[in-house]
Amino acid sequence: MRAVRPRILLTALVAAAAAFAAACDDEAAGTGGPEVDGTWRGRAVLSGDTFTFQLALDESADEVSGTGTVTAEDGTLELEVEGEAPFPNYDLTLTSPGYTPLELTGTYGRGATAAADSLNGTLNGSGFAGTRLVLRRVP
């Protein structure tokens, strides 16, 4: 029986370490919050026109970069994304050649389950002025 106890203890320690490592993957470095890594999608309405945004973001130590698209009735534009996301806030600049940069600022969603899966923001620039955009994480 004594030989079994160290094995059980070792198994429990390995399981605890794995659970801790998995939890750390979901937190931004040094902030204790979720990261914006992943694909996000949302819609904004401006003067009756709907704009669908899709962003693929990468975060490292609160610095964000990525690519994306914005689609409207008359076509799709490719986007480059740069910015910061120190939890619970984020400040992103979306650029496309030939257009004024678009600023997207806001906070992570509210509530225990929404915080990691939604970004509540406001668009300013390139024709948008305080236009609401809620991005949801694409599974």
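Guide: At a relative accessibility of 11%, G66 counts as buried. Buried stands for under 20% relative accessible area, exposed for over 50%, and partly exposed for what lies in between, with a 1.4 Å probe and protein chains only. The areas come from the Shrake-Rupley method with that 1.4 Å probe, and for residues only the protein chains shown count as cover. The model is a predicted one: local features need pLDDT of at least 70, side-chain atom pairs count only at pLDDT 80 or more, and totals for chains, interfaces and linings use all residues. Numbering starts from 1 along each chain as its sequence is written, and side-chain values use heavy atoms, without hydrogens or water.

G66 belongs to strand β3. Strands (E, at least two residues) and helices (H or I, at least four) are DSSP runs, numbered from the N terminus. From G66 to L94 there are 28 residues along the chain, and their C-alpha atoms are separated by 9.3 Å.

The largest nonpolar core has 24 residues, and L94, together with F53 and L104, touches the most other members. Such a core is a set of buried Ala, Val, Leu, Ile, Met, Phe, Trp, Tyr and Cys residues joined through side-chain atoms within 4.5 Å. At least two residues of this core come from each of β1 (38-46), β2 (49-60), β3, β4, β5 (89-95), β6 (102-108), β7 (118-125) and β8 (128-137). The greatest contribution is that of β2, with four residues. For the protein as a whole, one helix and eight strands are found, in the order α-β-β-β-β-β-β-β-β from the N terminus on. Of its 139 residues, 30% count as buried.

Back in β3, E63 presents another setting. The strand covers residues 63-72, and E63 lies in it. E63 is partly exposed, at 45% relative accessible area. Between E63 and Y90 there are 27 residues in sequence and 9.7 Å in space, C-alpha to C-alpha. E63 is also one of the residues in a patch of negative charge on the surface, which gathers E63, E78, E80, E82, E84 and D91. Patch members have over 30% relative accessible area and no salt bridge; like charges are joined within 9 Å and nonpolar side chains (Val, Leu, Ile, Met, Phe, Trp, Tyr) within 5 Å. The most is given to the negative patch by β4 (residues 75-84), with four residues.

P88 sits in the loop between β4 and β5, and the peptide bond that joins F87 to P88 is cis, with omega about 10 degrees. Most peptide bonds are trans, and most residues other than glycine have a negative phi.

S47, in the loop between β1 and β2, has a positive phi, near 50 degrees. At 72% relative accessibility, S47 counts as exposed. S126 also has a phi near 50 degrees, and its place is the loop between β7 and β8. With 33% relative accessibility, S126 counts as partly exposed.

L46 and G127 are 81 residues apart in sequence and 8.6 Å apart in space, C-alpha to C-alpha.

One salt bridge is found in a search of the whole structure, where the term means a side-chain nitrogen of Lys or Arg within 4 Å of a carboxyl oxygen of Asp or Glu. It joins the side chains of R137 and D117, at 3.4 Å from N to O. R137 lies in β8 and D117 in the loop between β6 and β7, so the pair ties together parts 20 residues apart in sequence. R137 is partly exposed, at 24% relative accessible area, and D117 counts as partly exposed at 39%.

Terms used
Lys and Arg count as positive and Asp and Glu as negative; His and the chain ends are not counted. The place of a charge is taken as NZ of Lys, CZ of Arg, CG of Asp or CD of Glu.
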